[in-house]
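I set out to look up the open spaces and the nonpolar packing in this structure. The entries follow in the order in which I checked them.

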Amino acid sequence: LENKNLKGKTVIITAGPTREKIDPVRFISNHSSGKMGYALAEESVKQGARVILVSGPVSLSAPQGVELVKVESAEDMYQAVLKYFETADVVIKTAAVADYRPKVTFEHKVKKQAGDTNIELERTNDILFELGQRKTNQLLVGFAAETDHLEEYAKKKLLNKNADMIVANNVKTEGAGFGTDTNIVTLFKRFGEVISLPLMSKNEVAVKIIEEITSLLRDMKTH
Ligand code: PMT
């Protein structure tokens, strides 16, 4: 008999990149394919959860059984996540959210001119930080995409964002991070436990992450 560890739980997963518009034909974005987040969504459904997948623009189709909420910008993603946050038991923030957006979005296509130009950028909302401030009994899982000082930055994120677990991937390592079918991650859990995983498919990584989330949920119930 299969055990459904997330039965009765609502899980919000964010996935993919965001797009921050410069004008009607241009935007600022990143290389996230959505594969890691969609793998987590699929595994969460398998484990019996109600899954709300808040996804930036990707070319994947949503796993069967998820509620797909399509978004474009960091602001859209922020609004969508907040809308469901109170009903959630778990939030997994796999999305690669833009930290900055153009201060002005031009209504018409910007014409080229002689010489250099500048685009002024302003900060977007830090969704993970906001959730950390607002959380009541939700389990909050963030990601950290780093190119150096992985452990130091991941531990800082765990504290500063009031998260329960940070999944850190070194995006400079071959086979890890953006776009690939595989990933290499280290899990930094609240109270200091650290779990380093070898190179695995993103589906296998998702299984491991959901296992750890299940065990954290169990801890919460017994404390
Ligand atoms: O989509 P794939 O191609 O499969 O690639 C997977 C991945 C590399 C995108 C994924 O594994 C990953 O690392 N996701 C997080 C990428 C990221 O933006 O990391 P960060 O260190 O910049 O952000 C840290 C955390 O804060 C993340 O959980 C992020 O969702 C969150 N954040 C960031 C900025 C912001 N404005 N709001 C946020 O909530």
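I took a pocket to be an open set of grid points with protein on both sides within 12 Å along at least five of seven lines, and its volume to be the space filled by probe spheres set on the points. I note that the model is predicted.

Entry on the second largest pocket. I read a volume of about 360 Å³ for the second largest pocket. I found 16 residues in its lining, and F106, V110, T117, N118 and I119 lie nearest its centre. By class I recorded six nonpolar, four polar and six charged residues in this lining.

Entry on the largest pocket. I read about 900 Å³ for its volume. The lining comprises 40 residues, with A95, A96, V97, F143 and A145 nearest the centre. I noted that helix 1 (35-46), strand 8 (121-123), helix 3 (127-134) and strand 9 (139-146) each give two or more residues to this lining. Strand 9 gives the most, with four residues. I recorded the lining as 16 nonpolar, 16 polar and eight charged residues.

Entry on the nonpolar cores. I found 32 residues in the largest nonpolar core, and those with the most contacts inside it are I13, L40, I92, M165, V167, I209 and I213. Helix 5 supplies the largest share of this core, seven residues. Apart from this core I located another, of 18 residues, including V69, M77, Y78 and Y84.

How values were computed: Residues numbered from 1 in each chain as written. Predicted model: local features only at pLDDT ≥ 70, side-chain atom pairs only at ≥ 80, totals over all residues. Heavy atoms only, no water. 1 Å grid on protein atoms, 1.4 Å probe; cavity = no way out; pocket = protein on both sides within 12 Å on 5 of 7 lines; lining within 4 Å. Nonpolar A, V, L, I, M, F, W, Y, C, P; charged D, E, K, R; others polar. Core = buried A, V, L, I, M, F, W, Y, C linked by side-chain atoms within 4.5 Å. Buried < 20%, exposed > 50% of the residue type's maximum accessible area, 1.4 Å probe, protein only.
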